[in-house]
Structure formats: C-alpha cells, structure tokens
Amino acid sequence: MYARFGPNHPPYKVPNMPDSAMPPASAIPPVPMALYETDFPAFSQNLGAAFERYGFAVLGGHGIDPALLDRALSATKAFFALPEETKRKYKTGIGGARGYTPFGIETAKGATHHDLKEFWHIGRELPAGHPYTEYMPPNIWPQEIADFHASTYALYEALDALGKKVLRAIAVYLKLDADFFEAPVNEGNSVLRLLHYPPVTTPGESVRAGAHGDINVITLLLGAEEPGLQLLDRDGQWLPITPPEDCIVCNIGDMLSRLTNGVLPSTQHRVINPAEARKDFARFSTPFFLHFEPPYLIETLPNCITDAHPDLGAAPITAQDFLMQRLREIKLA
Ligand SMILES: O=C(O)CCC(=O)C(=O)O
Ligand SMILES: [Fe+2]
C-alpha cells in the first residue's frame with residue numbers, strides 16, 4: 001500500500017502503518033468502457049464527473065487488443081535496451097517532436113532538475129503534400145527493431161480512436177453536440193510517447209517526472225500500473241493513481257481546460273521515484289497526447305462561463321501557437 005504524502009517528500013511508503021490506515025492505492029474508481037455501448041449517458045456522466053472533480057478519470061476494460069499491447073511494449077523495451085550511441089542516431093533537431101529524446105533533457109516547467117526518463121515520440125502519418133506537414137513532421141523509425149513501426153503505429157491508431165470516443169462523452173457532459181470535437185481533432189497533432197524510466201540507483205534531487213500539467217486536449221495513459229503516478233488534489237494532497245492492468249488513465253490537458261474555462265481542470269501530476277522494493281525496476285508507460293488540429297482556435301466555450309465558473313478571460317489562441325509557447329517553457333522547443 002502507498003501512503004499519501006505532501007509536496008515536501010515525506011516517506012512514500014510508511015513502515016509499520018496498517019493497510020487499513022492507508023488511503024486506497026488509486027483514488028479514482030474505473031468507469032467501465034462497456035458502458036459506452038450499453039448506457040452512453042451514464043458513461044458520459046461518470047467520466048465527466050471524474051474529470052470535473054479530479055481532472056483525471058480511469059477507463060476500465062479499455063478494449064485495446066492485449067496482443068497489440070504486448071507487441072508494442074516488447075518493441076519499446078527492445079529499443080531502449082539498445083546502446084546509447086545507437087539510440088542517439090534517432091535524436092532529431094526538431095525539439096523532440098519525433099524520434100528519440102535522451103535521458104536528462106526534459107525539465108518540468110519551473111523545475112531546476114531534469115526528469116529521470118528517456119522517450120520516443122510518434123506523430124500522425126500524413127499523405128505527401130498535406131497542408132499540416134508544415135506543423136507535423138514525418139516520423140522516423142528505428143531500423144534495429146523489426147516490429148517497432150507496425151506495432152507502435154497500430155497502437156497510435158487504437159488510442160486515437162479511443163480518444164475520439166472519450167471526447168464524445170466529454171462533449172455530451174458539457175452539453176455540446178456529441179460530435180463537437182470530431183472536426184477539431186480529426187487530423188490532430190497528436191503524439192504517442194513511449195517512456196522509459198530506468199531503475200533509480202543513485203539518490204538525488206531528480207524525480208522520474210516533475211509536477212506538470214499536460215499541454216494537449218486529453219491524455220490517455222497506458223502502463224500506470226507500475227506505481228509512481230500521482231495527481232495533486234484540490235486540498236494539496238498527492239493522490240496515487242495505480243490502476244489495474246486493463247485500465248487506461250485519462251486526464252484533461254491545458255488546451256481543454258482553457259477551452260472549458262477551467263470547468264474541466266488540467267491537474268498537475270508527477271511520477272515519483274520507486275519505493276526501495278521497486279528501485280531496481282524500470283518503468284515503461286505510454287501516454288497518448290491527443291491534440292487539436294494546428295489551426296484550431298481555442299476560444300472559451302460560452303456555456304462554460306457560469307456563476308460557479310466566472311470568465312477566466314483566456315484570450316483566443318490557435319492550438320499551434322499555444323503548443324509552441326508551452327514547448328519553449330519545458331525546453332523542448
Ligand atoms: O509515466 C507516467 O505515468 C506519466 C507521464 C506523464 O505524465 C507525461 O509524460 O506527461
Ligand atoms: Fe503528464
């Protein structure tokens with residue numbers, strides 16, 4: 001069992017504390033994905049309520065083919081096991097938007113220490129001459145791992161489809177047309193991030209991922225069953241999110257928070273270092289950052305301005321301009 005702990009790093013695992021005194025390992029109960037087909041209004045309501053309360057929701061039984069997940073995870077592990085110099089061949093000069101970003105680069109906004117992670121980014125494949133090629137560079141693929149391209153891009157497409165379903169539920173929760181988000185995200189600048197947090201063998205100031213909010217519309221996260229992910233709750237407590245294996249963690253990003261005038265909050269989250277018993281284990285997780293199409297104008301939804309949510313006065317901004325502003329802040333652009 002994992003204890004809650006405050007921002008100043010009291011112990012993560014409290015020795016001698018009976019399990020009954022601990023908060024649940026994961027604060028947010030899963031919403032069954034099956035409800036999407038059997039009772040869409042209930043699906044939308046349960047999911048939306050979790051997002052409004054926590055900025056996070058957990059989807060149970062996500063329905064992504066377990067064989068595909070195994071293939072993508074094997075390819076990911078095989079890539080990160082390559083020698084450093086081989087991996088660095090795939091480091092691009094485009095702010096990490098595609099390919100490999102080595103250990104020690106990304107630094108959370110306002111943080112002084114870099115994160116303890118390396119990662120690989122995959123974007124949407126566009127036909128030659130597509131107008132968005134200006135914003136969305138082509139993918140690169142490691143030649144050393146035969147199934148990498150096929151398995152990880154199939155996962156990209158599965159998560160893109162799942163994300164579009166989640167957005168239908170969010171639209172209905174917000175009393176918009178169910179297909180409100182369809183055109184804005186259809187060929188969105190979405191990115192699949194394959195993340196590797198190596199074992200944490202030397203103590204230091206750095207954490208696996210410093211506290212941050214995601215930039216995009218919504219994030220779908222696979223692999224959070226290896227403990228460490230926490231969200232910063234309203235009362236200042238860090239709540240662990242450690243879902244069962246067939247679940248996917250979803251959270252609201254800054255773009256959707258801005259569009260909804262904060263009705264759906266983008267909640268700060270982080271990945272803390274492992275407890276002693278898990279410190280020799282790597283952590284592999286896979287967030288899918290679902291984005292709007294680059295020219296989409298993020299402009300506060302009028303029906304999200306209410307007495308409970310007075311207008312925060314966010315100026316309209318395109319998804320592309322917002323992204324560039326935020327990437328500069330985390331030293332990726
Ligand atoms: O690894 C995780 O569980 C979360 C990663 C994350 O929050 C991110 O990459 O934005
Ligand atoms: Fe994140």
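Analyst: Happy to! Ligand 1 is surrounded by Arg 193, Leu 195, Ala 209, Asp 214, Leu 221, Ala 224, Leu 229, His 269, Val 271, Ser 285 and Pro 287; a residue is near a molecule if its C-beta atom, placed from the backbone, lies within 6 Å of it. This is a predicted model, where local features need pLDDT of at least 70 and side-chain atom pairs count only at pLDDT 80 or more, while totals for chains, interfaces and linings use all residues. Residues are numbered from 1 along each chain as its sequence is written, with chains lettered from A and ligands numbered from 1 in the order in which they are written.

User: Why are H3 and H5 called oblique to each other?

Analyst: Their axes, lines fitted to C-alpha atoms over the stretch in contact, with angles from 0 to 180 degrees between N-to-C directions, cross at roughly 130 degrees and come within 9 Å. Angles under 35 degrees count as roughly parallel, over 145 as roughly antiparallel, 65 to 115 as roughly perpendicular and the rest as oblique, so H3 and H5 are oblique.

User: What makes strand E1 and strand E3 edges of the sheet?

Analyst: The order is E1-E2-E10-E7-E12-E5-E4-E3, and two strands pair if DSSP finds at least two bridges between them. E1 and E3 each have a single partner strand, so one side of each is left without a neighbour in the sheet.

User: How many bridges join E2 to E10?

Analyst: Five bridges join these antiparallel strands, and Gly 60 has Cys 247 in E10 as its bridge partner.

Note on methods. Helices (H or I, at least four residues) and strands (E, at least two) are DSSP runs, numbered from the N terminus.
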